[in-house]
Amino acid sequence: MTGLPTRWLLAPAWLLLLALLPWWLGLPLLLSVAAVLLFGSDRLESHAPVLRLALRWGLPGVLFAGQRALGGEAFAWAMALLGALAGFTLLAGLEAWLDRGRREQAAQPKLRDWPSLALAPIGPGAVVVELVPPAWSEGTCPDPRGGEVRWEAGRFVLADATVERVQAHASFSPDGRWFVARTSRGLALLDRDHGRLSRLRGWELCGWHDGPWLAREAGPAMAWREVLGRH
């Protein structure tokens with residue numbers, strides 16, 4: 001009885017029945033269906049589509065019965081049209097009121113209880129980074145990639161590069177890729193794999209972890225990608 005094909009077969013039969021019955025019998029039936037929808041929708045939720053269909057198809061039947069009772073003349077048809085306007089307006093209001101909960105549920109996200117919110121993590125997960133402290137050498141020092149780096153009056157001479165206008169304090173990353181020398185105003189940072197030299201004014205070397213980590217004044221340590229803008 002509740003399958004979609006059955007509904008649409010019974011709907012015209014329901015309309016015809018109410019059209020043939022006297023209006024004073026059909027109207028109470030229609031009002032009873034509306035009352036069931038209005039006051040018993042929670043208990044009869046599974047039958048609500050059938051009841052709504054009965055209202056939509058039953059209203060024209062009652063209106064036809066009413067105009068027939070008035071004689072079927074122009075005045076009767078005018079009253080039937082007026083009744084249709086009022087009836088379908090009320091029907092639309094009833095269905096909007098019945099659907100109010102669904103609209104509110106669709107408009108609002110699913111709320112979580114406060115214990116789950118209190119225990120939920122805030123922001124991205126934290127990653128603990130352990131830095132290898134820098135080992136500073138003064139003057140000529142060994143190169144982790146072999147050989148040594150020479151200090152020559154204001155510059156360091158490496159096997160693959162020369163870093164000028166620096167002080168005699170230098171440090172290598174554990175793998176030898178990065179070379180850092182102090183200057184009078186900060187650091188000179190050499191990426192030996194890419195042949196890039198960067199002069200960082202006001203920065204200090206904090207340690208090594210996948211490259212140099214640097215800090216400025218009392219600020220937090222930052223990875224070289226952030227400092228050099230290579231995210």
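Me: Where does D210 lie?

Reply: Helices (H or I, at least four residues) and strands (E, at least two) are DSSP runs, numbered from the N terminus, and D210 lies in the loop between strand 10 (203-208) and strand 11 (212-216). This is a predicted model, in which local features need pLDDT of at least 70 and side-chain atom pairs count only at pLDDT 80 or more, while totals for chains, interfaces and linings use all residues. Residues are numbered from 1 along each chain as its sequence is written, and side-chain values use heavy atoms, with hydrogens and water left out.

Me: What is the phi of D210, and is D210 buried or exposed?

Reply: Most residues other than glycine have a negative phi. Phi of D210, however, is positive, near 55 degrees. Buried means under 20% relative accessible area, exposed over 50%, and partly exposed in between (1.4 Å probe, protein chains only); D210, with 56%, is exposed.

Me: Which loop holds A153, and what is its phi?

Reply: A153 is in the loop between strand 3 (148-151) and strand 4 (155-157), and although A153 is not a glycine, its phi is positive, at about 45 degrees. A153 counts as exposed, at 80% relative accessibility.

Me: How many residues does the largest nonpolar core have?

Reply: A nonpolar core is a set of buried Ala, Val, Leu, Ile, Met, Phe, Trp, Tyr and Cys residues joined through side-chain atoms within 4.5 Å. The largest here has 15 residues, and L30, V33, L37, L55 and L94 have the most contacts inside it.
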